[in-house]
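Trainee: I want to go through the pockets of this model. Can we start with the linings?

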Amino acid sequence: MTALIPRRVRSLASLAEALLTPHGMDRYLELVDPMLVRREIRGLVTAVRKQTPDSVTLTVKPSRAWPGFTAGQYVRLQVEIDGVRRTRCYSPCGSQYDGELEFTVKEQGLVSGHLNRAIGVGSVLNLSTPDGGFTLPAARPGRVLLIAGGSGITPVLAMARTLVTEGHTGEIVFVQYSNGPADALYRTELAELAARHPGLRVVHAYTHSKGGDLNGFFAPEHLARVAPWFRDAEAFVCGPKPLMDAVRDHLGERVHTEEFTPPALTFDTANAEGQVRFKRSGRECANSGKPLLEQAEEAGLSPEHGCRMGICFSCTQLKTAGRVRNAKTGEISGEEDEEIQLCISVPVGDVEIDA
């Protein structure tokens, strides 16, 4: 008899979902408590702290739909700003075994600014399932080299915390590049982590001040000093592109970086037609057939953007009229007041963007 109860509960839930169509049960549950939704993932902010003046660290309790993540992956985090939903990608920086998520966000754009200034304890965020292949191999390497620069610390810190939680018996060297001690995120936490785990060595490299364990930008001799076995290690690097390029040039194929390969996209510029209007700025131009991000830049605008390949959602803007083609999927969309990614959206005739 007891074995039938979960099946009956599921049947009742399915019946309720059907009866509440077209909106579905989640639309009603969120009116009572957003964390009760079943099909979407929400996160309740349980703590907020400032590590540096231009960053915020959020502790987030995910709803029951959260499937868990693997250290190094990223999550699409969505907030509503002035009635418009905005999405950006951030990497959780806690151990993958923690019950809560932790995000540290540096203020450098619209969404990051909102997270720094407008989100408090009790706020509810929309979360995606985790994504990304920048992760530790299932068979943990005996020697691990973790290198971070600036806010790129988040995925590699998740790796370090995960390895410590697992009681990793090999050697781990964590090298953090920052301008100076005031900009070194998680300085106290890293010291505490190293004190708990004798196999972890934390190294601070200061690029614009003295007093670090290392000084200056990355150089091959840095690794020789702090991890003389580096050629036998698996290295994981996240940070500014010059840092990742320099480490890759020195270590070759044993380096794993959080980068994405741009898809091969084609654009029919010869047969483009229509006008593109950028509503807020009053700029207008003939449709060139290129992605809207490029057309905006050619019109003298500077929209916020990141990856330029449809992954990070930094360039999301509101399309108020017209049709666009998704350059990755070929799908054409003509809904009004629709969020689109400028970097992969190509106008099909006349288009108006709220930018």
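Mentor: H7 gives the most to the lining of the second largest pocket, with three residues. This is a predicted model: local features need pLDDT of at least 70, side-chain atom pairs count only at pLDDT 80 or more, and totals for chains, interfaces and linings use all residues. Residues are numbered from 1 along each chain as its sequence is written, and side-chain values use heavy atoms, without hydrogens and water.

Trainee: What makes a residue part of the lining of the second largest pocket?

Mentor: A pocket is an open set of points on a 1 Å grid over the protein atoms alone, where a 1.4 Å probe fits, with protein on both sides within 12 Å along at least five of seven lines; a lining residue has an atom within 4 Å of a point. Here 20 residues line the second largest pocket, with Gly-149, Gly-150, Tyr-177, Asn-179 and Pro-240 nearest its centre.

Trainee: What volume does the largest pocket have?

Mentor: About 1100 Å³. Among the 33 lining residues, Cys-89, Gln-108, Ser-151, Glu-258 and Cys-312 are closest to the centre.

Trainee: How many residues of the protein count as buried?

Mentor: Of 355 residues, 48%. Buried means under 20% relative accessible area (1.4 Å probe, protein chains only).

Notes
Points joined across faces, edges and corners; volume = space filled by probe spheres on them. Helix = DSSP H or I, 4+ residues; strand = E, 2+ residues; numbered from the N terminus. Buried < 20%, exposed > 50% of the residue type's maximum accessible area, 1.4 Å probe, protein only.
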